[in-house]
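Keep the structure open as you read, and find each residue as it comes up.

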Amino acid sequence: MCGIVGVYSRDGSEPHRKMEAALRQMTDQIVHRGPDGSGTWVNGKIGFGHRRLAIIDLNERAAQPMHTADGALTVTFNGEIYNFKDLRRELESQGHVFRTESDTEVLLHGYRQWGMDLPSRLRGMFAFAIWDEAKQELFMVRDRFGKKPFVYAWSGQTFVFGSEAKSLLEWPGFERHVDLAVIHDYLSYGYTLGARTAFAGLNRLPPAHMMLLTPTHGPENPPVPLRYWELAQIDEGKADMTKEAAAGEFLERFDEALRLRLVSDVPLGAFLSGGVDSSAVVARMSGLLNEPIKTFSVGFDIGGFDETEYANEVATQYKTDHHSFKMDYSLIETLPKTIWHYGEPYSDSSALVSTALSHKIREHVTVALSGDGGDEILLGYSRYNRFTNEVTQLQAGSAVNDPHNHHDLAFGPPTVRDRYLKYIATFRDLHKQWGYGHALMDCYLTPSADRLPALLENVTPGVAADHAARAEVETYLPDDLLIKADIATMTASLEGRSPFLDHELADWCASLPQHLRVFERNGQLEMKALLKYAMEPQLSHNILYRKKQGFSVPVKHWIRNEIRELTGDLLTSKAFLERGYLRPEFVYWMLDRHFSEREDHGTRIWCLLCLELWHQTFFERRGPGPMPLSINSQTKMAS
């Protein structure tokens with residue numbers, strides 16, 4: 001697990017010294033991703049940089065950037081290839097000679113052997129770039145679900161890429177501009193989604209895509225990302241499978257995914273929230289290891305925000321070496337660092353908890369397994385059930401326009417995507433209709449629901465939950481949850497691994513008809529029923545069937561109390577209002593309704609607060625590191 005950067009000068013006009021100095025500056029921005037070593041390499045028009053977090057083959061010989069023995073291929077790589085030993089044996093049988101024990105070297109020999117077919121053979125999480133000196137080509141890849149980030153941009157005739165946007169901002173002459181269409185979508189979702197970032201011209205390589213940059217490409221003719229994988233479709237041939245058979249096969253495949261993720265040359269543990277997914281990970285891990293698992297949980301010392309009692313139950317049952325941490329309101333002080341680390345507008349408040357917990361975990365282990373992805377591949381969210389019910393009503397012709405939908409009927413009757421967006425939206429259409437200022441009014445004409453995959457429009461009750469999950473595999477999973485997991489763990493130089501997102505396991509789960517993943521247990525329809533049923537012999541009813549909670553942060557309370565003054569100052573400041581995102585009257589109204597406790601606008605206000613702090617961090621200030629901002633009820637922003 002590491003951090004990568006790279007520079008390609010199309011016309012070769014960038015001086016060697018400039019490229020080398022810029023690569024060092026770019027890698028300095030992501031030192032947290034790799035505290036165990038750094039390296040830069042420049043050869044003519046191409047240059048790579050790397051920060052290393054050593055997990056496999058701790059020897060210096062496995063440092064990066066790494067080259068083939070003849071110097072023909074060079075790679076900079078972030079991630080883990082879990083099947084690298086099998087690939088290595090296959091490559092050795094073809095005559096390839098290895099000099100290290102690392103998974104990185106497998107990428108070099110694999111690309112030489114299989115070319116652009118390499119990504120489809122990889123089982124793991126990864127983002128990497130390979131330079132082919134003979135062909136003068138740059139090959140770039142991102143893993144199937146987007147666990148590892150990859151961003152890129154053109155600055156004049158120079159192509160730059162890396163793990164994080166703030167590295168690219170360090171390239172001399174890189175121009176910073178806001179993409180207003182992305183801000184429009186951010187206000188709906190609370191994160192930036194898809195290929196575009198909030199920095200105009202700075203893009204993400206989408207999950208499950210690869211891209212080949214050749215000498216013919218330039219800013220006016222950029223390379224096009226190509227998809228190399230998509231989640232398996234439902235296999236109707238499995239419709240007659242019994243739930244007993246499905247549960248048994250699931251556990252076999254789940255254990256295989258876990259075994260692959262237990263390979264490490266450094267200490268390893270697991271997140272344990274007390275929820276179904278992380279509890280299942282710990283329960284099955286316990287049967288695969290010969291020593292107590294180091295487990296970690298976190299909660300707030302406030303009612304309704306603490307699941308640690310359930311984590312303690314699982315830890316006691318499986319005799320783990322358990323560490324439980326309590327967070328308090330001082331957590332808000334980490335917000336400036338969080339804004340800087342994410343590098344884009346991002347308002348999932350649980351990022352504060354995930355980051356703080358990751359730092360605690362790193363005091364004990366270097367690798368931690370998590371339950372990320374279980375809800376998406378096994379249909380766990382309650383909103384999937386609500387969406388199914390609404391689709392049933394639509395099909396029966398009995399659906400009405402929900403007054404809470406807040407859909408602007410000027411756009412016509414709500415589409416199915418409009419109806420789904422109401423379950424996840426921060427600012428809804430009517431908020432935007434009333435609240436948008438001059439900067440975003442043109443964007444309002446493009447509904448943010450259109451950013452959801454079109455497959456939601458072609459839906460029936462029998463596949464509604466499945467289609468909703470597939471839509472979120474393309475949006476919410478990579479652009480919110482996995483970005484959060486990557487950034488939170490990497491700020492602490494901790495590697496997170498997600499067995500539910502093993503692509504072979506996920507493909508098998510996705511191929512199951514919906515009725516094998518969601519069915520009745522204990523007299524009621526259960527989301528994620530297959531996992532719960534499979535784990536009944538190993539986890540208590542209380543762990544499996546209580547109401548889902550998840551990480552949550554008391555932002556509405558913070559905004560009314562600890563950071564009330566700061567929030568009011570920032571969101572009514574001349575700088576914020578002159579950006580023109582929202583009408584001043586709307587901002588004042590929303591703050592008044594929330595502060596007076598007449599309405600709860602906590603999530604929306606937090607969304608705006610994170611947006612303004614992002615602006616001040618990356619546009620107003622532009623200095624290295626987080627803003628020098630002390631956050632509490634008495635302090636204001638440092639000058």
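The largest cavity in this predicted model has a volume of about 250 Å³. Of the 21 residues that line the largest cavity, the closest to its centre are Val-151, Arg-204, Tyr-342, Glu-344 and Ile-483. Which elements each supply at least two residues of this lining? They are helix 5 (165–168), strand 10 (202–204), helix 10 (335–342) and helix 18 (476–491). Helix 18 has the largest share, with three residues. Sort the lining of the largest cavity by class and you get ten nonpolar, five polar and six charged residues. If you search the whole structure, you find seven cavities of 30 Å³ or more. How do you spot such spaces at all? Rolling a probe the size of a water molecule over the atoms shows where empty space is left.

Now for a pocket. The second largest pocket has a volume of about 450 Å³, and 28 residues line it. Nearest its centre lie Arg-227, Pro-453, Arg-470, Val-473 and Glu-474. Helix 17 and helix 18 are the elements that give two or more residues to this lining, and helix 17 gives the most, with four. By class, the lining of the second largest pocket holds 14 nonpolar, five polar and nine charged residues.

Let's stay with helix 17, residues 464–474. Among the buried ones are Asp-466, His-467, Arg-470 and Glu-472, along with several alanines, including Ala-464 and Ala-465. What covers the buried residues of helix 17 includes helix 12 (374–378), helix 13 (382–396), helix 14 (416–421), helix 18 and helix 19 (503–511).

Time for some rings. The count comes to 32 aromatic pairs. One of them is Tyr-342 with Tyr-346, a stacked pair with 4.4 Å centre to centre and 15° between the planes. Tyr-342 has a relative accessible area of 11%, so it counts as buried. Tyr-346 is buried too, at 6%.

Compare that with Phe-427 and Phe-586. Their ring centres are 6.4 Å apart and their planes are at 50°, so this pair is tilted. The pair links distant parts of the chain: Phe-427 is in the loop between helix 14 and helix 15 (429–435), while Phe-586 is in helix 25 (residues 584–595), 159 residues apart. Phe-427 has a relative accessible area of 3%, so we call it buried. Phe-586, at 0%, is buried as well.

Ring pairs link Trp-41, Phe-48, Phe-150, Tyr-152, Trp-154, Phe-159 and Phe-161 into a cluster.

One last stop is Gln-433, in helix 15. Its relative accessible area is 40%, so Gln-433 is partly exposed. How far is its C-alpha atom from that of Pro-478, 45 residues apart along the chain? The two C-alpha atoms are separated by 29 Å.

Terms used: Residues numbered from 1 in each chain as written. Predicted model: local features only at pLDDT ≥ 70, side-chain atom pairs only at ≥ 80, totals over all residues. Heavy atoms only, no water. 1 Å grid on protein atoms, 1.4 Å probe; cavity = no way out; pocket = protein on both sides within 12 Å on 5 of 7 lines; lining within 4 Å. Points joined across faces, edges and corners; volume = space filled by probe spheres on them. Nonpolar A, V, L, I, M, F, W, Y, C, P; charged D, E, K, R; others polar. Buried < 20%, exposed > 50% of the residue type's maximum accessible area, 1.4 Å probe, protein only. Contact = heavy atoms within 4.5 Å. Phe/Tyr/Trp six-rings, centres within 6.5 Å; stacked < 30°, edge-to-face > 60°.
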